[in-house]
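Q: Can we go through the side chains in this one? I'd like to start with the rings and then get to the charges.

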Amino acid sequence: MTMNDRYQAARERYAAMGVDTDAALRTLDGVSISMHCWQGDDVRGFDQTGPLTGGIQTTGNYPGRARTPQELMQDIDEALRLIPGRHKLNLHASYAIFREGEFADRDALRPEHFEPWVQFAKERGLGLDFNPTFFSHPRAASFTLSSPDEETRRFWIDHGRACIRISQYFAEQLGQPCVMNIWIPDGYKDTPADRTGPRARFKDSLDQILAEPYDREKVFVCLESKVFGIGMESYTVGSSEFCINYAAKNGILSLLDNGHYHPTEVVSDKISAMLLFQDRLALHVTRGVRWDSDHVVRYDDETREIAKEIAQPGVLERVFLALDFFDASINRIAAWVIGMRNFQKALLSALLTPHARFKALQDEGRFTELLALQEELKVYPFGDVWEQFCAQQGVPGTDEWFAEVERYEADVLSKRD
């Protein structure tokens, strides 16, 4: 039985459930996910040689880490060859590329320091998203935008304003919006004496950053919260309540990272609530393990639930999608490919769900029938539809892509010191 035969059989099976697989594939083809550059080099960046700070750690020493912009771009190309669809690339400010003998600190970054990334994106038809880097810097040793030291706080405010200018440059050069996400690692390891002061300073800093003129149709500024981090176990300045309220009041986007909440919280339950009150929403899809975030995305229950909420009618076009994880214990190319393809699989699974039918069963109180159909849908021939999508996009299917990763590791990664 050929792959096309299997797809046609799956197509008929889903049609009997009221699902158009061709329409699902067309929709998935139009979904752009922002792939994070920092998986390729363990969040090192190119503007400093010190350790990772700000509650961020990468564990593992798998060989082949990208050490230069050229190596990182080469690795991104290899990953994108194995990922169906056309996507975006997510950069941190620490990935500025300087000419020989040139350097600009983060408060003085300019668009030209990212021109090689713009050229890279243009040649591949990619969009670019952006993140100010408020960590791994001598001035981020304790606090950044909430710092009681006004000189330090001014440095980071200027960094945020510079990043807005760079984000607008990306959007104008590439002809598609740039999502700029703000996250800070500020907080206390032990119980604070004053919770209000740092948040008041953070609020004032954000006000000053947003005073930088920018086109809100081209640049979408987001604010990302976190419940906990290494070195800030007892108090996080940028809590969920702070970030959601600030975003709502100031007309920017909330960004939900599903690794940034209590282990018993799920972002899939938050999406519908947020979108009742906000026009748009941004997501960082990752995988939390206990109190740690940023593990490679799996095709697991929560990933599928997040995708199910996004795939509801009228929702997909209102959500900016990005991934955020970093694992130095496995092949970094494979980590990118596994994570991106898994989230695409979750989206496809959601698009192959008869949402209107299931909603009607729920509203009518026919819960036994709903449960039965939901469980039966789990064993429908989803894999044959996924293989059809890969074939349409010209990328290796389920049983083929890993051999290419192994070849690339032998030919390229193993040659790096």
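What follows is a chat about ring pairs and charged side chains.

Q: What kind of model is it, and what counts?
A: This is a predicted model, where local features need pLDDT of at least 70 and side-chain atom pairs count only at pLDDT 80 or more, while totals for chains, interfaces and linings use all residues. Residues are numbered from 1 along each chain as its sequence is written, and side-chain values use heavy atoms, with hydrogens and water left out.

Q: How many aromatic pairs are there?
A: The count is 19 aromatic pairs. Rings of Phe, Tyr and Trp (its six-membered ring) pair if their centres lie within 6.5 Å; planes under 30 degrees apart are stacked, over 60 edge-to-face, and the rest tilted.

Q: Which kind of pair do phenylalanine 114 and phenylalanine 170 make?
A: Their ring centres are 6.0 Å apart and their planes are at 80 degrees, so the pair is edge-to-face. Phenylalanine 114 is in the loop between β2 (88-92) and α4 (115-124), and phenylalanine 170 is in helix α5 (residues 150-174), 56 residues apart. Helices (H or I, at least four residues) and strands (E, at least two) are DSSP runs, numbered from the N terminus.

Q: Is phenylalanine 114 buried or exposed?
A: Phenylalanine 114 is buried, at 0% relative accessibility. Buried means under 20% relative accessible area, exposed over 50%, and partly exposed in between (1.4 Å probe, protein chains only). Phenylalanine 170 is buried too, at 1%.

Q: Which residues are in a cluster linked by ring pairs?
A: Phe114, Phe130, Tyr169 and Phe170.

Q: Which helix is glutamate 302 in?
A: Glutamate 302 lies in helix α9 (residues 301-310).

Q: What does lysine 270 form a salt bridge with?
A: Lysine 270 pairs with glutamate 265, and the closest N and O atoms are 2.7 Å apart. Glutamate 265 is partly exposed, with a relative accessible area of 33%.

Q: How many salt bridges are there?
A: The count is 31. Arg67, Glu71, Asp75 and Arg416 are linked in a network of them.

Conventions: Salt bridge = Lys/Arg side-chain N within 4 Å of Asp/Glu carboxyl O.
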